[in-house]
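Please examine the sequence and the model displayed below.

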Amino acid sequence: MSEPSRASAVELMDRQLSDVRLALCELWQAFGAAALLVRFGPDVPWPHSSWAREAYGALTPRLRSVVALARTRGRIPSFLTGGVTSRKANVADELDGLARTPAGLVRDELAREYPQAFDDPLIAALIREPEVQLRYLAVELANFWRTAIEPRGGGLARCLEEEILFRSRTLAMGGGAALLSDLGLPVERTDDADRVTAVPMLFADGTHWWSVAAGRTVVAFAARGAGLLHTGGERDGAAQSPREDRLAILLGRGRASVVRELAVPITTSALADQLGLAASTVSQHLSALVSAGVVQRHRAGTRVLYELNRSGVTLTQCLMNQ
């Protein structure tokens, strides 16, 4: 497609997508984390390996069934997306809304959108008695949140806020069509709706999750560094012998330690504090990694943030995972 044709297509999409927003939803973060565990089990690739081993026990059969239900088309039931209303979200309020979803809405949506639902006894029970089963699901999601996500809440909140700020500039400057294009979201996921909300997910397994609720299409996208939420504590590879630490062999121990901390956007000074290194040393490592094309930087207000780009993620995963 020529540049003028591409520009015309974007202008047409902008006219069709009259209301595109960005929002946060903690319930979607929980769903994404559960989906990641369902896909990989306790062996989620670096740097979530230690997180997955700790979180896997909180994955209940009911959560597995909900993920399996949605995975066929990537469409999440609307009762899991009701909290997507603004940039701020609270998982307790979202779970309360889930438990209060009208029974008729649950039955109608499951029967209409998920014809395979009756094959799973847990989903069939949800259709028979929505009020009771939704309360069970809300309790299990709350426990999953407390066990698997809440301990990492600080890093999660920081990364998602940065992502919203970063993407808001694209939305303000280029419009809704430019934002969806930049995020790599399939246009068909808008489901012919002109009201679209894009939700960043840190726990992402490569699926284009989406949903429709109250006339608004909600689409999830992988936040930069998605699936790379830093877990803290012992880092994968940190306990490896020098011979086994292939990342350190390739980059050197100092530079390898910097790479491991770039799972989420971070400033030079914060990185220096975490590693106990001089800011000048960290700055030299970052400059070399940017020049090598494995790290990207961007400005958020007065701060300059660094993180792994796609090439850096791929390289690191290849070296960190057997």
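The account below turns to the sheet, then to the nonpolar cores, and finally to the salt bridges.

This is a predicted model, in which local features need pLDDT of at least 70 and side-chain atom pairs count only at pLDDT 80 or more, whereas totals for chains, interfaces and linings use all residues. Residues are numbered from 1 along each chain as its sequence is written, and side-chain values use heavy atoms, with hydrogens and water left out.

Four strands form an open sheet in the order 1-2-4-3, with mixed pairing. Strands here are DSSP runs of E with at least two residues, and helices are runs of H or I with at least four, numbered from the N terminus; two strands pair if DSSP finds at least two bridges between them. Strand 1 (19-22) and strand 3 (210-213) are the edge strands, each pairing on one side only. Strand 3 and strand 4 (residues 216-222) run antiparallel and are joined by four bridges; A213, for instance, has R216 in strand 4 as its bridge partner. Helix 2 (residues 26-40) lies across strand 2 (195-201), strand 3 and strand 4, and runs at about 55 degrees to strand 2. Such angles run from 0 to 180 degrees between the N-to-C directions of axes, which are lines fitted to C-alpha atoms, for helices over the stretch in contact. Contact means heavy atoms within 4.5 Å.

In soluble globular proteins, nonpolar side chains tend to be buried together. A nonpolar core is a set of buried Ala, Val, Leu, Ile, Met, Phe, Trp, Tyr and Cys residues joined through side-chain atoms within 4.5 Å. Buried means under 20% relative accessible area, exposed over 50%, and partly exposed in between (1.4 Å probe, protein chains only). The largest nonpolar core has 68 residues, of which W51 and F144 touch the most other members. A second, separate core of 18 residues includes A256, V259, L262 and Y306.

The structure also holds nine salt bridges, each a side-chain nitrogen of Lys or Arg within 4 Å of a carboxyl oxygen of Asp or Glu. One of them joins the side chains of R62 and E140 (3.0 Å, N to O). This pair links distant parts of the chain, with R62 in helix 4 (residues 61-71) and E140 in helix 8 (residues 130-149), 78 residues apart. Both R62 and E140 are buried. In another salt bridge, D96 meets R100, the closest N and O atoms being 3.0 Å apart. D96 counts as partly exposed because its relative accessibility is 39%, whereas R100 is exposed, at 64%.
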